[in-house]
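Q: I would like to go through this model with you. Could we take it one topic at a time?

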Amino acid sequence: MPRKSSVTPSPARASTRPRPQTAGGFQSTVLVLQGGGALGAYQAGVYEALAAAGIAPDWVAGISIGAINSALIAGNRPEDRVARLRAFWEQVSSGHETPWSGLLGDGWPGTLPGGAWMRGLLNQFAAGEVMLRGAPGFFTPRTPPPVLRPPGTAGATSWYKTAELRRTLERLVDFDRINHGAPRFSVGAVNVRTGNFTYFDNRTTKIRPEHVMASGALPPAFEAVEIDGEPYWDGGLVSNTPLDWVLNARTELDTLVFQVDLWSARGEAPQDLAEVAVRMKEIQFSSRTRAATDAFRRMQTLRASFNALLDKMPDELRNTPEARLLARASDPAVYNIVQLIYQSATYEGQSKDYEFSRTTMEEHWQAGRRDAERTLAHPEVLTPPARAFAVQTFDFTSAAGHGRSAPLPLDSLT
């Protein structure tokens, strides 16, 4: 049944702009990728499952490692994207092969007494190796370290160099494709001088490797990246997900959003200092994704209520500048927001975002693919809402996963 809208479009909104049909009858499919370092292999697994299902985003937006994954997707032909993601993740994990996994067999740690504890210990060793040696094709330690360099000199503000990341991006990403074709591409970073959050979008900016690198320049590990004379740090310092940017873009298209998070906002109360450190990171970097989604759902409910009221207005009120302004801000587009949230294994500690071992990378990748396949097995995630202005959210990955969200009652907005 077609959705009913009471909005009378203004001449500007009644344009003949193409409104293509994409996954499940939506007019736009957006992939939103959160930051999270080594956990980003989960996003690559999610994309592999989406590609296998024939779902191709026409907008990819990311922060930090999500920006790198976004560039690997947007900067390659659809048939090459999974291979380029695989090439990146195999390279950055190639220096950390975790030889103990072969000794202990495929079934560990579950088959060994204290196996999970032992796996956690080995993960910490692997993370320590990354701290000492860096990650191939990504970052290398500074020698001498920054504490031995005079203030204001090169290398005095970060522990690692990221020249290798630039070479990797130039090898694996076609920036001409990003700048001259689909999909839309957006990455976020924060200006070090002003503290203002900035999005670099290929609709308004010629994207270069430094835009992607700036989005992932998390201090004090990495130094700020200069763009047009201004230094930028990791966008995760302000917001670790570009979801707000996507939802506030007002594209006027029925939109399917896949929000791929690497940090879970929900978790258990910690029992020791190690768990405190883990939970602090999860809360800090989860960026209140659900709060942003709930705020957008409330806004859409208010827009729907205004348009219901607009139908009842006499012509003299409908044609006032105030009513026409509100009508222009109330496009009846609908949204499905599909949340895929990485659920960290119990043995992963506070170093999980820089533990780049090959074994762990493969586990993250396969977890992403499994979660995406399980989510796509629910056909409702690809079915647009029947009501104008409606926003549906879905979560089939977390322990508190609620499937389809319930509609917001009007009295909840007061």
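The conversation below covers overall content, a helix, several strands, salt bridges and a surface patch.

Q: Before we start, what kind of model is this?
A: This is a predicted model.

Q: How many helices and strands does the protein chain have?
A: The secondary structure of the protein chain consists of 14 helices and 12 strands.

Q: And what share of the 414 residues is buried?
A: Buried residues account for 52% of the 414 residues.

Q: What about contacts between residues 24 or more positions apart?
A: Among contacts with a separation of 6 or more in the protein chain, 74% are between residues 24 or more positions apart.

Q: How much accessible surface is there, and what part belongs to carbon and sulfur?
A: The protein chain has an accessible surface of about 19100 Å², and carbon and sulfur atoms hold 57% of that area.

Q: Let us turn to helix α1. What is its span from first C-alpha to last?
A: Helix α1 covers residues 41-52, which is 12 residues, and its first and last C-alpha atoms are 17 Å apart. That span is close to the 16 Å expected at 1.5 Å a residue.

Q: Is α1 largely enclosed or largely open?
A: It is largely enclosed by the rest of the structure, because 10 of its 12 residues are buried. The buried residues are A41, Y42, Q43, A44, G45, V46, Y47, E48, A49 and L50.

Q: What covers those buried residues?
A: The cover over the buried residues of α1 includes the strands β1 (28-33), β9 (255-261) and β10, together with the helices α2 (65-74), α3 (81-92) and α14 (358-376).

Q: Which residue with a positive phi follows α1?
A: G54 follows α1, and its phi is positive, near 80°.

Q: On to the strands. How does β11 pair with β10?
A: Strand β10 (residues 335-341) runs parallel to β11, and 5 bridges join the two. In one of these pairings, Y335 has V391 of β11 as its bridge partner.

Q: How many residues of β11 are buried?
A: In strand β11 (residues 391-395), 5 of the 5 residues are buried, so the strand is largely enclosed by the rest of the structure. V391, T393 and D395 point one way, while Q392 and F394 point the other way, and all of them are buried.

Q: Which strands pair with β8?
A: Two pairings can be described here. Strand β5 (residues 184-191) pairs with β8 (residues 230-234) in the antiparallel sense over 3 bridges, and V190 stands opposite W233 of β8. Strand β7 (residues 225-227) is also antiparallel to β8, with 3 bridges between them, and I227 stands opposite E230 of β8.

Q: What happens in the hairpin of β7 and β8?
A: That hairpin has 2 residues between the strands, and D228 takes a positive phi near 50° there.

Q: Now the charged side chains. How many salt bridges are there?
A: The structure holds 18 salt bridges. As a general point, side chains of opposite charge can pair when their charged atoms come close.

Q: Which partners does R77 have?
A: R77 forms a salt bridge with E79, with the closest N and O atoms 3.3 Å apart. R77 also meets D80 in a salt bridge, at 2.8 Å from N to O.

Q: Last topic: which residues make the nonpolar surface patch?
A: W117, M118, L121 and F125 make a nonpolar surface patch of about 440 Å².

Q: Where does W117 lie, and is it buried or exposed?
A: W117 lies in helix α5 (residues 115-133). It is exposed, with a relative accessible area of 61%.

How values were computed. Residues are numbered from 1 along each chain as its sequence is written. This is a predicted model: local features need pLDDT of at least 70, side-chain atom pairs count only at pLDDT 80 or more; totals for chains, interfaces and linings use all residues. Side-chain values use heavy atoms; hydrogens and water are left out. Patches are made of residues with over 30% relative accessible area and no salt bridge: like charges are joined within 9 Å, nonpolar side chains (Val, Leu, Ile, Met, Phe, Trp, Tyr) within 5 Å. Accessible areas come from the Shrake-Rupley method with a 1.4 Å probe; for residues, only the protein chains shown count as cover. A salt bridge is a side-chain nitrogen of Lys or Arg within 4 Å of a carboxyl oxygen of Asp or Glu. Helices (H or I, at least four residues) and strands (E, at least two) are DSSP runs, numbered from the N terminus. Buried means under 20% relative accessible area, exposed over 50%, partly exposed in between (1.4 Å probe, protein chains only). Two strands pair if DSSP finds at least two bridges between them. The expected span of a helix is 1.5 Å times one less than its number of residues. Contact means heavy atoms within 4.5 Å.
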